[in-house]
Each structure stands twice: as structure tokens, then as C-alpha cells.
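Student: I am new to this structure. Please show it to me, and then let me ask about it.

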Amino acid sequence: RAVPLPSTGDEFIMHFVRRSGFGLGVSTYFAQRYDATGAAVWTAPVQVSTKTTGFAYFAEPVRDGAGGYFVAFNTGNPANANLGDVYVQHVSAAGTLWNPEGSEVLTGTATARFEGKLQYVAAQNKLYATVNATNSSQSDSGIFFQSLDPTTGNRLLANTGVQVMNVSSLYYAAQALRDTGTGLIVVYTENTTALQRRLVSTKVDYAGNPFAFPTGSGIISLSNVASEKLDYTVTPYASDQLVIVWSDRRSGGGVYAQSLNDNGQLGVLGTRPAAPARALTLLPNPGAAPTLQLAAARPGTVLVRDVTGRVVHQQPLAPGLPTTVQAPQLA
């Protein structure tokens with residue numbers, strides 16, 4: 001379960017699990033920093049937390065922007081060993097921690113907690129987390145929100161967090177938390193059966209309050225199809241959109257994607273700035289035997305293809321010099 005994270009320069013930190021046996025309570029997180037040659041930087045691996053983690057939990061560390069990282073992990077509730085809980089830890093570029101255990105995201109024994117999702121927002125200088133909270137039998141699930149001080153790990157909202165989705169038999173489960181610059185989008189699932197689910201999103205502000213999209217709705221459906229969905233990946237917010245990708249076992253199985261912009265619109269792809277135009281002339285146009293003239297910024301090759309895509313002419317381009325292409329196929 002190793003996860004490499006870029007640190008500073010050409011160095012990186014490897015986050016990994018050390019297992020001391022079989023069964024519960026035997027997996028512990030560690031980290032080591034490596035230089036560009038692959039040599040260990042720290043004298044010994046740093047134990048990320050004295051808390052153990054579940055044998056089937058795969059952590060998703062997020063970078064802190066200063067060569068270190070934050071990580072959330074499933075573990076046990078300190079007040080009731082029969083309840084699951086979520087802790088967060090910070091590992092700095094120097095290998096220092098908030099404290100030996102990390103920070104409990106939510107406190108109390110009213111719920112069991114699992115699968116914390118993190119988003120560090122440098123502009124707010126805060127770490128945000130969603131936690132899936134269930135009843136004691138784990139038959140119902142909801143989503144709660146918390147904000148943490150990135151320097152100390154102290155909780156900044158109520159100890160029990162802010163409810164985003166109530167604990168329900170629809171089994172709401174957060175799959176990603178992403179900052180858009182105006183708030184945080186929570187991508188989550190809701191179950192229709194034990195295996196089939198829909199994919200949905202909502203938005204909260206930086207205090208966890210509901211933040212309606214311009215359409216007036218606080219809930220945007222990303223996939224209405226009730227199917228077995230797994231393995232969610234959500235990109236960072238860029239080009240005015242998120243892209244959500246997942247595996248889906250409808251119709252025999254496949255990989256599906258959906259885009260979502262900050263206005264709650266689906267399928268609206270962002271655009272990049274246009275590339276500067278380059279001088280390109282075709283003379284005469286139209287004509288029976290035209291000549292193409294162009295200048296290239298770097299070495300390359302001009303390829304002329306017919307309507308089937310077959311290359312019918314090619315010639316090299318010299319950077320900075322005008323090139324004339326004369327080929328009967330240009331007509």
C-alpha cells in the first residue's frame with residue numbers, strides 16, 4: 001500500500017504500511033524520504049501514527065505545498081474499541097508530526113466513522129475533511145464535514161463536525177472533496193440496493209454550510225443510473241471543471257466519466273487559451289496547383305494526408321525559416 005509523494009527538488013516521500021502479523025490491529029503507517037538517487041534521507045522511517053489502521057484500507061495522502069503531506073486513515077475509536085474512527089496526521093518535509101497519534105476528525109461514540117477524504121486549501125490555510133458516519137450496525141450512513149488547523153491539527157468546527165448528509169438507509173458515502181475557489185464540492189454515492197448506487201454531488205462553503213448552485217439546487221446528479229460503481233477518481237478543479245471517472249458494471253462493465261463546473265452544469269468542458277496564430281498561406285486558393293507557405297518555431301515535418309488519413313507527401317521544416325510546400329495533393 002505504498003504511495004509516493006513529490007517533496008522538494010527531486011526528492012520524494014514514500015508513505016507505506018508496516019504489518020506486524022495477521023488479523024486486526026497489526027497494520028501501522030510509516031514514511032521515509034528519499035533523494036534523487038533513491039537513498040533514504042531520514043535516519044529511519046517515521047511512524048506516522050501510533051494508531052493502527054484497517055487491513056483493507058488504502059490511504060489517499062494529499063500534499064501540503066511545502067514538501068510534506070496530510071493523510072486520513074481508518075482506525076479505532078479511543079472511547080469505544082467496537083467503533084471505527086477516522087484520524088488525520090501531518091508529515092512535514094523534515095519528518096515531524098502534529099503529535100504521535102494524529103488528530104481525531106470527529107469525536108464521540110454516537111456513530112462509527114470511516115473513509116476520510118481530505119482537501120488542503122492554501123488560500124484559506126486550512127485542511128478540510130469529510131467523514132462517512134454510520135450507525136453502530138453500519139446499515140445507515142451519512143456525511144460529516146470538519147476543518148482542521150494545518151499547523152496543529154486542532155479541530156476548527158464543532159467536535160462532532162457539520163452534517164452534510166444525514167445518516168440514512170440511502171447510505172450516503174463521500175468519494176471525493178475538491179476545492180473550486182468559491183467552496184468545496186463533495187462527490188458522493190447513494191445506494192439504491194446493497195450493490196447498486198447513484199453518483200451525486202453537493203457543495204458547501206468553507207464552514208460546511210450548504211452552498212446552492214446557481215440553478216438553485218444544492219444537489220447535482222452526476223449519474224442517475226443505478227448500477228454497481230467502483231474506483232472513483234476526481235481531478236483537481238482546473239479549466240473551470242471537475243472530471244469524475246469511475247468503473248461501472250452496467251451493461252457488462254466499463255469506465256464512465258462526467259464533468260461538473262462550479263455552476264453545477266454537467267458535460268461542459270473547460271477551454272484552454274488559444275495558441276498564437278502562425279503565418280500560413282495557401283496560394284492560389286482555390287487553385288489546381290496551390291503552394292503552402294509557413295514558418296515553424298522549431299524543427300519538424302509537414303505531412304499532407306488524403307481524406308482517408310494516408311500520408312501522400314512529407315518534407316522537413318526548418319525553424320524560423322519560411323517553408324514552401326508544393327504537392328499536387330494540396331489541390
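This is a predicted model: local features need pLDDT of at least 70, side-chain atom pairs count only at pLDDT 80 or more; totals for chains, interfaces and linings use all residues.

Student: How many helices and strands does the protein chain have?
Tutor: Both are DSSP runs, numbered from the N terminus: helices are H or I with at least four residues, strands are E with at least two. Counted that way, the protein chain has 0 helices and 24 strands.

Student: Why is the protein chain described as more spread out than a compact globule?
Tutor: The radius of gyration is taken over C-alpha atoms, and the globule rule is 2.2 Å times the number of residues to the power 0.38. For 331 residues the rule gives 20 Å. The protein chain is well over that, so it is more spread out, with a radius of gyration of 26 Å.

Student: What box do the C-alpha atoms fill, along the principal axes?
Tutor: The box is taken along the principal axes of the protein chain. Its size is roughly 85 × 50 × 40 Å.

Student: What share of the residues of the protein chain count as buried?
Tutor: Buried means under 20% relative accessible area, exposed over 50%, and partly exposed in between (1.4 Å probe, protein chains only). Of the 331 residues, the buried share is 43%.

Student: Where is Asn77, and which backbone oxygen lies 3.0 Å from a polar atom of its side chain?
Tutor: Asn77 lies in strand S6, residues 69-77. Asn77 is buried, at 5% relative accessible area. Contact means heavy atoms within 4.5 Å; leaving aside neighbours within four places in sequence, Asn77 is in contact with residues including Leu83, Glu104 and Arg113. The backbone oxygen at 3.0 Å from its side chain belongs to Gly108.

Student: Is Ala257 buried or exposed?
Tutor: Ala257 sits in strand S19. Beyond neighbours within four places in sequence, Ala257 is in contact with Ile244, Val245 and Trp246. Its relative accessibility is 55%, so Ala257 counts as exposed.

Student: How far apart in space are Ala257 and Ser223?
Tutor: In sequence, Ala257 and Ser223 are 34 residues apart. In space, C-alpha to C-alpha, the distance is 9.2 Å.

Student: Which backbone nitrogen does the side chain of Asn261 reach?
Tutor: Asn261 is in the loop between strand S19 (254-260) and strand S20 (280-283). Asn261 is buried, with a relative accessible area of 7%. Leaving aside neighbours within four places in sequence, Asn261 is in contact with Tyr237, Asp240, Gln241 and Val268. At 3.0 Å, its side chain reaches the backbone nitrogen of Asn263.

Student: What is the relative accessible area of Asn135?
Tutor: Asn135 lies in the loop between strand S10 (126-134) and strand S11 (141-148). Not counting residues up to four places away in sequence, Asn135 touches Ala112, Asp140 and Val167. Its side chain reaches the backbone nitrogen of Ser139 at 2.9 Å. Asn135 is partly exposed, with a relative accessible area of 22%.

Student: What distance separates the C-alpha atoms of Asn135 and Ser217?
Tutor: Along the chain, Asn135 and Ser217 are 82 residues apart. Their C-alpha atoms are separated by 28 Å.

Notes. Residues are numbered from 1 along each chain as its sequence is written. Side-chain values use heavy atoms; hydrogens and water are left out. A polar contact is a pair of N or O atoms within 3.5 Å; within protein, one must be able to donate a hydrogen and the other to accept it, and residues adjacent in sequence count only if both atoms are side-chain atoms.
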